[in-house]
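Me: I've just opened this one and I'm new to it. Can we walk through it with a few questions?

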Amino acid sequence: GMDDLDGGPKRGAPWKRMSKEELENQYSPSRWVVRLGAEEALRTYSQIGNEATKRAQATGRNLLDVPYGDGEGEKLDIYFPEAVSEALPFLMFFHGGYWQSGSKDSSAFMVSPLTAQGVAVVIVAYDIAPKGTLDQMVDQVTQSIVFVQKQYPGNQGIYLCGHSAGAHLAAMMLLANWTEHGVTPNLKGFFLVSGIYDLEPVMHTSENASLLTTLEVAQRNSPQWHLQTAPTQPVDPACRILVTVGQHDSPEFHRQSRELYQTLRRGGWKASFEELHDVDHFEILWNLTQKDYVLTQIILKTIFQES
Ligand SMILES: N[C@@H](CC(=O)c1ccccc1NC=O)C(=O)O
C-alpha cells in the first residue's frame, strides 16, 4: 500500500547523492510554487499573513504581546473566541521562515476560522537567527507551551501547529521532557505542516549553514534523528499527530514528512499523513484563512473529535 510501514525510510538517504545545487533547490520552497513566481509567492504569503493578523486584532477579543519569558522576543498573542470560558481548546501556532524570518505579527492566518468555532489561538514569537540559535528557539517554544498550560490550567487541550521551520519546532516538542518544567501540558494534537524534521541535509544549504554549524547541532535538533535513534512514547496515547505536506512541495519535503510519519507510527504514536491536493508550500498555510479549506476542516474535526 501507500504506507510503507514495514520498510521504513530507505537505507542511504537520497539527499546524500544530490549535488549541492540540487540540494539547494530541494530546500528552497519558493522555487516549487506553480501559480506564481518565487518572489511573488513570498510577497503574497506575507501580505495574506499581515492582513489576516490586522483583521484578527481589529475584530475579536485578544491579548497581545503577552510575555512568556524574560527575553525581549519571548512574547505571544492570544486570540479568543467570542464565548468567554477558561475551558477552551488552545491551538498554538509556530511560524516558518527557515528559523530566520517571519514573526507572530504576520502569522495569524488561522485565527478567524478557528476562533469562530470556539478555539483560542496563540501565535508565538521566538528569537529567529541570528539573534537566536536552534537550541534557544526550541527552548523558547517549550517555555511558551508551559506558560499557556500554567495560565490556562482548565484548557480543553493544547494543540500545536507549525509550518515549515515552525513545524520542526513543534515536532521537537514530541521529545520534550516536561518534568523539568513543573507542569505537563495537556497536549492533545500536533498539526505539522510542510515541515523539516531531519536537519542534516539542511546543513549543506547556503541559507542555513550559519544555524547548523556541526552535525551534533543538526542531530540534537532533529526530531527524525531522535525518534529513530531512541523512540519516545506519547505522554497521552490519545494524542493525535497530523503530518501534512503540499502536493507541490519538493520531493525532499515529501520525503521528510513521510519518514517522520512512518517513524511515529512505528513508535506507537497516533499519527496520520495527508498530502494536500494542488497546493504549494505557501498556499497550504495561507488557505488556513478560509473556513472551508480542507486543512482547516481537518484541524477543527480533530479538535472536536469528530474523526
Ligand atoms: N527562502 C525561502 C523562504 C522559506 O523557505 C519560507 C518562507 C516563509 C515561510 C516559510 C518558509 N519556509 C520554511 O520555513 C524560500 O524562498 O524558499
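This is a predicted model: local features need pLDDT of at least 70, side-chain atom pairs count only at pLDDT 80 or more; totals for chains, interfaces and linings use all residues.

Me: Is Ser164 buried or exposed?
Reply: Count the other C-beta atoms within 10 Å: Ser164 has 26. The cut-off for being buried is 20 or more. So Ser164 is buried.

Me: Which residues does UniProt list for "active site", and what is the largest C-alpha distance among them?
Reply: The UniProt record, an unreviewed entry, lists Ser164, Asp249 and His281. They are spread over 118 residues of sequence, yet they cluster in space, with a largest C-alpha distance of 10.7 Å.

Me: Where is Asp249, and which residues is Asp249 in contact with beyond its neighbours within four places in sequence?
Reply: Look in the loop between strand E7 (240–246) and helix H8 (251–266). Asp249 counts as buried, because it has 26 C-beta neighbours inside 10 Å. Leaving aside neighbours within four places in sequence, its contacts are Pro29, Trp32, Ser194, His254, Asp280 and His281.

Me: How far apart are the end C-alpha atoms of helix H2?
Reply: Helix H2 covers residues 38–59, which is 22 residues. At 1.5 Å a residue, H2 should span 32 Å. The model agrees, since the end C-alpha atoms are 32 Å apart.

Me: Which residues of H2 are buried, and what arc do they cover?
Reply: The buried ones are Ala41, Tyr45, Gly49, Ala52, Thr53 and Ala56. They lie on the same side of H2, because they cover an arc of only 100° around the axis.

Me: What covers the buried residues of H2, and which residues are exposed on the other side?
Reply: The cover includes strand E2 (75–80), helix H3 (111–115) and helix H9 (283–286). Over on the other side of H2, the exposed residues are Glu39, Glu40, Arg43, Gln47 and Ala58.

Me: Which residues does a cis peptide bond join?
Reply: Most peptide bonds are trans. Here, check the loop between strand E4 (120–124) and helix H4 (134–151), where Pro130 lies. Omega is about 5° in the cis bond, and the residues joined are Ala129 and Pro130.

Conventions: Residues are numbered from 1 along each chain as its sequence is written. Helices (H or I, at least four residues) and strands (E, at least two) are DSSP runs, numbered from the N terminus. The expected span of a helix is 1.5 Å times one less than its number of residues. A residue is buried if 20 or more other C-beta atoms lie within 10 Å of its own, exposed if 12 or fewer, and partly exposed in between; C-beta atoms are placed from the backbone. The arc is that of the directions from the helix axis to the C-beta atoms. Two residues are in contact if their C-beta atoms, placed from the backbone, lie within 7 Å. UniProt positions are given in the numbering used here, feature names are shortened, and annotations may be inferred rather than shown by experiment.
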